[in-house]
Amino acid sequence: MTSAGYAAPQSLSDAVALLGANPSARLLAGGTGLLVAPSRAQVASSMLVDLRKVPGLSSIESGAQGLKIGAMTTLRTLAASDAARSAHPALAAAVLMTSDSQTRARATVGGSIGGRTSGDTDIAALLIALGASVEVTGSSGSRTMPVEDVLASPLGREDIITSVTVPPASARTATAYETQRHPATLTPLVGVAASVTLGDKGAIVAARVGLVGATDNAVRLLKVEQVLQGLSKSVLTGGQAATDGAIRSAASVAGQGLTVRGDLFGSAAYRAHLVAVLTVRAVSRAAKTAAG
Ligand SMILES: Cc1cc2nc3c(=O)[nH]c(=O)nc-3n(C[C@H](O)[C@H](O)[C@H](O)COP(=O)(O)OP(=O)(O)OC[C@H]3O[C@@H](n4cnc5c(N)ncnc54)[C@H](O)[C@@H]3O)c2cc1C
């Protein structure tokens with residue numbers, strides 16, 4: 001049964017209850033993804049459950065577990081946060097790439113990863129690379145999930161993202177984001193974020209890589225990470241040419257196992273090419289920054 005309407009609950013439990021009671025209900029955060037979605041007719045016939053009056057969802061806290069960002073924190077607030085900028089400068093920089101200041105003043109962190117309309121957001125790639133976890137509350141309580149799992153498949157109908165936690169970066173770690181923008185909308189056609197940790201001798205000892213825009217959902221590039229972590233120290237300490245070659249060979253597996261999408265703005269072949277190119281750029285820049 002479909003029941004259009006609007007509700008602005010004043011507690012998280014009321015919001016969960018509304019989602020449970022209305023099969024057509026959809027969460028509304030900033031509305032910048034939902035209200036411009038291709039499936040506008042579907043949105044128009046939905047019960048919109050607005051989270052803006054639910055308390056406690058808009059804070060940014062820095063602690064031993066890392067940076068905890070409330071789901072209703074706007075991208076503008078995140079980009080301006082001293083705590084975010086000092087702990088994760090690449091995240092704050094990528095947030096500033098998102099559209100214009102008006103959109104960032106509305107768009108939220110939860111809305112950027114919570115919907116079937118927003119798997120291609122810049123911030124999703126960064127959160128994967130940074131190893132973020134997501135707190136989700138539903139009718140059976142709260143749970144914590146890796147961000148890539150949240151992005152991989154739709155959450156349950158009654159689930160609400162309440163916060164995202166980005167763990168502190170390890171020593172000798174840096175993150176970089178490289179993107180090719182859609183020429184008309186300036187949204188990411190393809191974006192790759194890489195977080196790289198170097199060991200004592202300069203070899204990559206850990207890497208996390210997130211991809212947006214090339215596939216239906218943002219994904220973690222596990223194969224690239226495995227190749228990067230398996231590179232011998234001799235290759236990575238054998239000079240810049242050897243390092244560049246090793247990173248290129250890691251990037252060459254980036255597209256393996258992915259169903260790359262194509263549309264009027266970029267064919268699947270073009271996007272697949274961008275995946276490899278942007279992976280090289282992101283990993284190289286992160287490694288260079290981590291080396292100091
Ligand atoms: C003009 C314009 C330009 C844009 N440019 C960019 C760009 O350059 N880069 C980029 O990455 N994005 C861009 N976007 C997309 C947009 O910024 C993101 O989709 C946005 O971050 C969504 O956040 P929101 O708060 O507006 O979410 P909403 O639109 O309110 O919701 C989006 C989806 O998430 C769900 N949702 C919202 N909150 C939660 C929650 N707490 N828990 C679970 N599910 C939730 C909603 O039900 C919906 O399905 C642009 C959008 C516009 C309108």
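Student: Through how many residues does the hairpin join strand 4 to strand 5?

Tutor: This is a predicted model: local features need pLDDT of at least 70, side-chain atom pairs count only at pLDDT 80 or more, and totals for chains, interfaces and linings use all residues. Residues are numbered from 1 along each chain as its sequence is written. Strands are DSSP runs of E with at least two residues, helices are runs of H or I with at least four, and numbering starts at the N terminus. The hairpin takes strand 4 to strand 5 through two residues.

Student: What is the bridge partner of G63 in strand 5?

Tutor: Two strands pair if DSSP finds at least two bridges between them. Strand 4 (residues 60–63) and strand 5 (residues 66–70) run antiparallel and are joined by four bridges. In strand 5, E61 is bridged with K68, while the partner of G63 is G66.

Student: Which residue of strand 3 is the bridge partner of A7?

Tutor: Three bridges link strand 1 to strand 3 (residues 47–50), in the parallel sense. Within strand 3, A7 is bridged with V49.

Student: On to the other hairpin: which residue in the turn between strand 9 and strand 10 has a positive phi?

Tutor: Strand 9 (residues 173–181) and strand 10 (residues 188–198) pair in the antiparallel sense over nine bridges. One of the partners in strand 10 is V192, which is bridged with E178. Six residues lie between the two strands of this hairpin, and the one with a positive phi, about 60°, is L186.

Student: Shall we look at the helices? What is the orientation of helix 5 and helix 8 to each other?

Tutor: Helix 5 (residues 89–97) and helix 8 (residues 122–129) have axes 9 Å apart and pack at about 165°. Angles under 35 degrees count as roughly parallel, over 145 as roughly antiparallel, 65 to 115 as roughly perpendicular and the rest as oblique. Helix 5 and helix 8 are therefore roughly antiparallel.

Student: Is the crossing of helix 10 and helix 12 left-handed or right-handed?

Tutor: Helix 10 (residues 222–230) and helix 12 (residues 240–251) pack at an angle of about 150°, their axes 8 Å apart. That makes the two roughly antiparallel. A crossing is left-handed if the near helix is turned anticlockwise from the far one by less than a right angle, and right-handed if clockwise. Helix 10 passes helix 12 in a crossing that is right-handed.

Student: And how are helix 12 and helix 13 oriented to each other?

Tutor: Helix 12 and helix 13 (residues 268–291) cross at roughly 135°, and their axes come within 9 Å. The crossing is right-handed. The two helices are therefore oblique.

Student: Which element gives the largest share of the shell around the ligand?

Tutor: A residue is near a molecule or strand if its C-beta atom, placed from the backbone, lies within 6 Å of it. Of the 34 residues around the ligand, G30, G33, G111, G114 and G115 come nearest. Two or more residues each come from strand 2 (26–28), helix 6 (101–106), helix 7 (109–114) and strand 8 (160–166). The largest share, four residues, is that of helix 7.

Student: Last one: how far apart are the C-alpha centres of domain 1 and domain 3?

Tutor: The bounds come from an automatic or database domain assignment. It gives domain 1 (5–50), domain 2 (60–166) and domain 3 (173–291). Between the C-alpha centres of domain 1 and domain 3 the distance is 35 Å.

Key: Axes are lines fitted to C-alpha atoms, for helices over the stretch in contact, and angles run from 0 to 180 degrees between N-to-C directions.
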